Amino acid sequence: MENLYKELGDQSLHKDFCQTVASTFSSSVNRNGKSSTITWKQVQSWFQGKQKQQNQAKFKKTVPSPPLQIFDLSNLSDAGNAGNVVGNATCGQRPKGKASDVSDLAFEAKSARDYAWYDVSSFLTYRVLRTGELEVRVRFSGFDNGHDEWVNVRTSVRERSIPVVPSECGRVNVGDLLLCFQEREDQALYCDAHVVNIKREIHDNTRCNCVFLVRYDYDNTEEPLGLDRICRRPDE
């Protein structure tokens, strides 16, 4: 949230944006089992607190504050009390223990140019369309500003997918949505696909020989893939 405020400034106080942030934290895989949800007002109150701190700093010198940690807003009775948010989803090896920086909450976004998903480096700004839909302008990891895009928050932004390791292949079932590495002669992309069939093989926790037949969402083509080319969704 600290990084989001730095990138968006006063725009982070907008109700639609706060609702999106609250929904993302509430649906995080690491909040499974928690009955309470985060409200947009709690998120907005946190951003308002940051704005107040920033305005005060303009008029007087203050003692530098310690590095900001992630706060578990679900335990808030008001914006002034917070606990640490535990382990946010990442695309790579999932961290253990408590996260100490909001960058651990990683996102991916779908490009309208090729319907593929890319890791998000930063959110640059946002806008609300006449239809009420919220869009954000994203910069994709590994790309310059020439590839920045406006994407729909509801349909094209989500928590980063997680590579499946051999010990977890049993979690993948027919019908599941996966992010799959699709290799073609002219391109290699990460695209959404659904599992059509699974040929399971006997293996240990270090190597998986199972074959997953998937059907890509954007063109309905099918392809058998090994475990090294699939990522699962955090909530699967």
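Leaving aside residues up to four places away in sequence, S156 touches E108, A109, K110, W117 and V151, where contact means heavy atoms within 4.5 Å. This is a predicted model, so local features need pLDDT of at least 70 and side-chain atom pairs count only at pLDDT 80 or more, while totals for chains, interfaces and linings use all residues. Residues are numbered from 1 along each chain as its sequence is written, and side-chain values use heavy atoms, with hydrogens and water left out.

S156 belongs to helix α4, residues 153–156; helices (H or I, at least four residues) and strands (E, at least two) are DSSP runs, numbered from the N terminus. With 9% relative accessibility, S156 counts as buried, on a scale where buried is under 20% relative accessible area, exposed is over 50% and partly exposed lies in between (1.4 Å probe, protein chains only). The side chains of S156 and T155 are joined by a polar contact of 3.3 Å. The term covers a pair of N or O atoms within 3.5 Å; within protein, one must be able to donate a hydrogen and the other to accept it, and residues adjacent in sequence count only if both atoms are side-chain atoms.

Strands β4 and β5 run antiparallel and are joined by 7 bridges, pairing being called if DSSP finds at least two bridges between two strands. S122 has R139 in β5 as its bridge partner. The hairpin of β4 and β5 has 5 residues between the strands, and G132 takes a positive phi near 95 degrees there. On to β6 (residues 149–152), which pairs with β5 in the antiparallel sense over 4 bridges; here E135 has N152 in β6 as its bridge partner. β5 is mostly covered, with 5 of its 7 residues buried.

As for the rings, the count comes to 5 aromatic pairs. Rings of Phe, Tyr and Trp (its six-membered ring) pair if their centres lie within 6.5 Å, and planes under 30 degrees apart count as stacked, over 60 as edge-to-face and the rest as tilted. Y118 and F140 make a tilted pair, 5.4 Å centre to centre with 55 degrees between the planes. This pair links distant parts of the chain, with Y118 in β4 (residues 117–128) and F140 in β5 (residues 134–140), 22 residues apart. F140 is buried, at a relative accessible area of 4%. Another tilted pair is F181 with Y190, at 5.0 Å centre to centre and 45 degrees between the planes; Y190 is partly exposed at 34% relative accessibility. Y118, F140 and F143 form one aromatic cluster.

Two arginines also sit over rings. The charged end of R158 lies over the ring of W117, 3.6 Å from its centre, and that of R127 over the ring of W150, 4.0 Å from its centre. The rule here is NZ of Lys or CZ of Arg within 6 Å of the ring centre and within 35 degrees of the ring normal.

Further along, an open sheet of 6 strands has antiparallel pairing and the order β8-β13-β9-β10-β11-β12. β8 (162–163) and β12 (222–225) are at the edges with a single partner strand each, so one side of each has no neighbour in the sheet. Inside the sheet, β9 (residues 177–183) pairs with β10 (residues 188–199) over 7 bridges, and L178 stands opposite A193 in β10. P166, in the loop between β8 and β9, is buried at 18% relative accessibility.
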